[in-house]
Amino acid sequence: MKKTVVLNVVGLTPSLLGKNTPFLSTWAAKGQVVPIKPVLPAVTCSVQATYLTGKLPNEHGIVANGWYFRDECEVKFWRQSNKLVQAPKVWEIAKSIDSNFTCANLFWWYNMYSSVDYAITPRPMYPADGRKLPDIYTHPSDVRSPIQSDLGQFPLFDFWGPKTSINSSQWIANSAKWIEERYSPTLSLVYLPHLDYCLQKFGHDEKRIQKDLLEIDGVCKELIEYYQARNTQVIILSEYGITPVNQAVHLNRILRENNLIAVREELGRELLDFGASIAFAVADHQIAHVYVNDHAYIPKVRSLLEATQGVAQVLDEQGKQAYHLNHPRSGELVAIAAPNTWFTYYYWLDDNKAPDFARTVDIHRKPGYDPVELFLNPQIKFPQGKIALKLLQKQLGFRYLMDVIPLDASIVRGSHGHITTSTNEGPLFITHQTHLVDSDIIEPTDVCSLILKHLGRE
């Protein structure tokens, strides 16, 4: 098989190829740039699962970045086990064709306990004293120590949160080269998330995202030149386009105001009680799976959602089937936001009763996606001083709460999840092997077969 690398440059669209991405633009012009039809929902886990299996969410089961686990009555986001993906992956198909094939998965999601030969993914440590310490999970396990010895500790706090920077994507790029030099896998899957951050914070404000575009362009230049020098084919693709937003809709507050949500008070704070609620929304960017525990209330819940400004569409069973979301993990209803709107997970009606994790970066406790985690609370007069004090508490071994995140959803300027109508603002596929692409637009389920074609087998 022919050695191939897939660079997943999150958020990259045809419209962003230009003066601020000089290398990528020149490299793309030598090959073919083809739009990819978006997946619904256009969110990381769903799209990646579709690309890697050639199946849609109703078949592979990844209906969002997180969902309601009905048997546990809990909402869980950002699970890591590859066993959750209910379809064969591209590397399994390739290995069935050629037993000598090997694959490295570098930070694509669901990267634990899979059948890839080499894997690296974030896996923070959470000691009992409340600290969160950067770390990674690797396969083989003996990669974990030497790679961090050579490259430095994985910069977890540059990967997500208000401190996000090019450092995390640069570290992932360096880890890809580290693996390549030691193992030379047939297929390398490399996740470069940098644009995701600035585009959600600032939308398409060219002045504010110019630096980030130049930074990711530099990382891609370094990787592409490195792999091409090693006689490796390069594919660049993206998962979705990020659209400007100016409105946040709090679906759970609407449901609560209509006595459909139950909360449990703990130490003066409110926690959403999923099992006791009649209905609740699991918000994920511009889509929300709405779970209705009492099906008699489905018509009422649907009417409430449809009457909400910023909700473009509500899918029932027939609608879910039309969009390939008819899977047991999906909500009884699925709400889709208008292009300028995104959905929060907020369910409290008084900020004084918001849970303590609401003001922190906590992707696992929050029952929904929270892009506000990208911002420091502007009401804190000396945020760096507060952070320094918290870090001192951490170093001294004390419990601490890094409560520096605002509760103002209006500051988010970009989102994704709904299906973009403009191919210029949607995901793309770039290759120099132009003879392998025979259409003007690629179905998302065809990405798997296109990767196999680049490898030389289908």
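Arginine 264 stands opposite leucine 271, a residue of strand E13. Strand E12 (residues 263-266) and strand E13 (residues 269-272) run antiparallel and are joined by 4 bridges, where strands count as paired if DSSP finds at least two bridges between them. Helices (H or I, at least four residues) and strands (E, at least two) are DSSP runs numbered from the N terminus. The two strands form a hairpin with 2 residues between them, and leucine 267 in the turn has a positive phi of about 55°. Leucine 267 is exposed, with a relative accessible area of 88%; here exposed means over 50% relative accessible area, buried under 20%, and partly exposed in between, computed with a 1.4 Å probe on protein chains only.

This is a predicted model, in which local features need pLDDT of at least 70 and side-chain atom pairs count only at pLDDT 80 or more, whereas totals for chains, interfaces and linings use all residues. Residues are numbered from 1 along each chain as its sequence is written, and side-chain values use heavy atoms, with hydrogens and water left out.

**Charged pairs**

Side chains of opposite charge can pair when their charged atoms come close. If a salt bridge is taken as a side-chain nitrogen of Lys or Arg within 4 Å of a carboxyl oxygen of Asp or Glu, the count comes to 23 salt bridges. The table gives some of them.

| Pair | N to O distance |
|---|---|
| Glutamate 180 and lysine 3 | 3.2 Å |
| Lysine 95 and aspartate 117 | 2.9 Å |
| Lysine 366 and aspartate 370 | 2.7 Å |

The side chains of glutamate 180 and lysine 3 meet in a salt bridge that links distant parts of the chain, with glutamate 180 in helix H7 (residues 166-183) and lysine 3 in the segment before strand E1 (4-9), 177 residues apart. Glutamate 180 is buried at a relative accessible area of 1%, and lysine 3, at 18%, also counts as buried. Lys3 and Glu180 are linked with Arg230 in a network of salt bridges.

Lysine 95 forms a salt bridge with aspartate 117, and this pair likewise links distant parts of the chain: lysine 95 lies in helix H4 (residues 90-97), and aspartate 117 in the loop between strand E5 (103-106) and strand E6 (118-122), 22 residues apart. Lysine 95 is partly exposed, at 29% relative accessibility. In the pair of lysine 366 and aspartate 370, both residues are buried.

**A buried asparagine**

What surrounds asparagine 65, leaving aside its neighbours within four places in sequence? Asparagine 65 is in contact (heavy atoms within 4.5 Å) with Val43, Thr44, Cys45, Phe77, Trp78, Asp284 and His285. The residue is found in the loop between helix H3 (57-60) and strand E3 (66-69), and at 1% relative accessibility it counts as buried. A polar atom of its side chain lies 2.9 Å from the backbone nitrogen of cysteine 45.

**Backbone geometry**

Most residues other than glycine have a negative phi, and most peptide bonds are trans. The peptide bond from leucine 40 to proline 41 is cis, with omega near 0°, and proline 41 is found in the loop between strand E2 (32-35) and helix H2 (44-53). A cis peptide bond also joins histidine 139 and proline 140, with omega about 0°; proline 140 is found in the loop between strand E7 (136-139) and helix H5 (144-151). Asparagine 231, although not a glycine, has a positive phi of about 55°. This asparagine belongs to the loop between helix H9 (206-229) and strand E9 (233-237), and is exposed at 70% relative accessibility.

A nonpolar core is a set of buried Ala, Val, Leu, Ile, Met, Phe, Trp, Tyr and Cys residues joined through side-chain atoms within 4.5 Å. The largest such core has 145 residues, of which Leu7, Phe107, Val190, Leu192 and Ile236 touch the most other members. Helix H9 gives the most to this core, with 9 residues. Not counting residues up to four places away in sequence, isoleucine 236 touches Leu7, Val9, Leu12, Leu24, Trp27, Ile224, Leu428, Phe429 and Ile430.

Helix H8 (residues 194-202) is largely enclosed by the rest of the structure, because 8 of its 9 residues are buried. The buried residues of H8 include His194, Asp196, Gln200 and Lys201, and their cover includes E1, helix H6 (156-159), H7, strand E8 (187-192), H9 and strand E19 (414-415). Just after H8, glycine 203 takes a positive phi of about 65°.

Terms used: Polar contact = N/O pair within 3.5 Å; in protein donor to acceptor, adjacent residues only side chain to side chain.
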